Amino acid sequence: MEILFAGVPLLILIVAVILFFSFVPVGLWISAIAAGVEVNLITLIGMRLRRVAPARIILPFIKAQKGGVETTIDKLEAHFLAGGHVDNVVDALIAAHRADISLT
């Protein structure tokens, strides 16, 4: 009987870790850090809570940072929530930046 109760905390820990990794996109966070872009884990959790796909924001954000475009995750997320196509906008901003066209 004692052996059965000894495995309960381990089972709870395993379930908690599985839930954490299914809710927080750790792979995306590691990709951002490897690209030299600072992304907070709390930001990724907030995106999940707002029902925003983090990959649809973070990947264009990485592309924008690499392309020399100054933007924020909040601006890209607001654009996404307004129904915009973040990836297309980031591509246009990078093209405008390369052509020395000033866009906000």
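1. Is Asp 100 buried or exposed? At 73% relative accessibility, Asp 100 counts as exposed, where buried means under 20% relative accessible area, exposed over 50% and partly exposed in between, with a 1.4 Å probe and protein chains only. Asp 100 sits in the segment after helix H6 (86-98), helices being DSSP runs of H or I with at least four residues, numbered from the N terminus. Its phi is near 60°, a positive value in a residue other than glycine.

2. On the basis of the note: this is a predicted model, in which local features need pLDDT of at least 70 and side-chain atom pairs count only at pLDDT 80 or more, while totals for chains, interfaces and linings use all residues. Residues are numbered from 1 along each chain as its sequence is written, and side-chain values use heavy atoms, with hydrogens and water left out.

3. A positive phi is also found at Arg 51, a residue other than glycine, where the value is near 60°. Arg 51 belongs to the loop between helix H3 (41-49) and helix H4 (54-66), and with a relative accessible area of 77% Arg 51 is exposed.

4. The axes of H3 and H4 come within 9 Å and cross at roughly 140°, which makes H3 oblique to H4. Axes here are lines fitted to C-alpha atoms, for helices over the stretch in contact, with angles running from 0 to 180 degrees between N-to-C directions; angles under 35 degrees count as roughly parallel, over 145 as roughly antiparallel, 65 to 115 as roughly perpendicular and the rest as oblique. Leu 44, Met 47 and Arg 48 on the H3 side meet Pro 54, Ile 57 and Ile 58 on the H4 side, contact meaning heavy atoms within 4.5 Å.

5. Glu 77, in helix H5, counts as buried at 4% relative accessibility. Leaving aside residues up to four places away in sequence, Glu 77 touches Met 47, Arg 50, Val 52 and Ile 57. Glu 77 also forms a salt bridge with Arg 50, the closest N and O atoms being 2.6 Å apart, a salt bridge being a side-chain nitrogen of Lys or Arg within 4 Å of a carboxyl oxygen of Asp or Glu. Because Arg 50 lies in the loop between H3 and H4 and Glu 77 in helix H5, the pair ties together parts that are 27 residues apart in sequence. Arg 50 is partly exposed, at 43% relative accessible area.

6. The whole structure holds three salt bridges. Lys 63 forms one with Asp 87, with the closest N and O atoms 2.7 Å apart; this pair links distant parts of the chain, Lys 63 in helix H4 and Asp 87 in helix H6, 24 residues apart. Lys 63 forms another with Asp 91, where the closest N and O atoms are 2.9 Å apart. Through shared partners, these salt bridges join Lys 63, Asp 87 and Asp 91 into one network. Lys 63 counts as partly exposed at 30% relative accessibility, as does Asp 87 at 35%, and Asp 91 is partly exposed with a relative accessible area of 35%.

7. Thr 71, in the loop between H4 and helix H5 (73-81), counts as buried at 16% relative accessibility. Not counting residues up to four places away in sequence, Thr 71 touches Phe 61, Ala 64, Gln 65 and Leu 76.

Technical notes: Helices (H or I, at least four residues) and strands (E, at least two) are DSSP runs, numbered from the N terminus.
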